[in-house]
Amino acid sequence: MEKSVYRKYKTFVFFQPNLEKNAVLEILTKYYKTLSNKGSKFCFQNLGTKLFSYPIKGFSSGTYVQMTYIGNGELVKEISKQLSITESVIRHITIKKEDS
């Protein structure tokens with residue numbers, strides 16, 4: 001049986017700009033629960049509203065949140081799947097941080 005490798009990941013999420021702060025916090029709580037249930041160490045950073053270089057799904061700006069966490073590939077897939085089906089998420093991307 002293969003042992004899970006835990007690495008540091010960053011997921012960048014753009015939410016619809018018309019969401020209130022409380023709505024963004026409510027959505028992030030779901031990911032907080034997913035990460036904490038898996039025993040991950042994590043940090044969320046709300047980086048405010050950013051303008052896009054081009055429209056994405058009809059929006060010219062979005063609320064930008066950075067999620068940094070430790071996990072394995074299965075956790076990344078689970079978070080990505082949840083983000084994909086969340087209507088208020090315009091776009092997201094996850095990158096693996098290099099070991100330093």
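User: What makes E1 and E4 count as paired strands, and in which sense do they pair?

Analyst: E1 and E4 pair in the antiparallel sense over seven bridges, and since two strands pair if DSSP finds at least two bridges between them, they meet the definition. Strands here are DSSP runs of E with at least two residues, helices are runs of H or I with at least four, and both are numbered from the N terminus. One of the bridges links Tyr9 to Lys96 in E4. The model is predicted, so that local features need pLDDT of at least 70 and side-chain atom pairs count only at pLDDT 80 or more, while totals for chains, interfaces and linings use all residues. Residues are numbered from 1 along each chain as its sequence is written, and side-chain values use heavy atoms, with hydrogens and water left out.

User: Which strand does E1 (residues 7–15) join through nine bridges?

Analyst: Strand E1 is joined to E3 by nine bridges, and the two run antiparallel. Within E3, Thr68 is the bridge partner of Lys10, and Gly71 is that of Arg7.

User: What makes strand E2 (42–56) and strand E4 (89–96) edge strands?

Analyst: The four strands form an open sheet with antiparallel pairing, in the order E2-E3-E1-E4, and E2 and E4 are its edges, each pairing on one side only. From one strand to the next, the twist averages 25°.

User: Why is Asn72 called buried?

Analyst: Asn72 has 12% relative accessibility, and buried means under 20% relative accessible area, exposed over 50% and partly exposed in between (1.4 Å probe, protein chains only), so the residue falls in the buried class. Asn72 stands in the loop between strand E3 (59–71) and helix H2 (73–84). Leaving aside residues up to four places away in sequence, Asn72 touches Ser4, Val5, Tyr6 and Tyr9, where contact means heavy atoms within 4.5 Å.

User: Why is Lys57 called exposed?

Analyst: The relative accessibility of Lys57 is 64%, and Lys57 therefore counts as exposed. Lys57 is found in the loop between E2 and E3.

User: How many residues of E1 are buried?

Analyst: Seven of the nine residues of E1 are buried, and the strand is accordingly described as mostly covered.

Conventions: Axes are lines fitted to C-alpha atoms, for helices over the stretch in contact, and angles run from 0 to 180 degrees between N-to-C directions.
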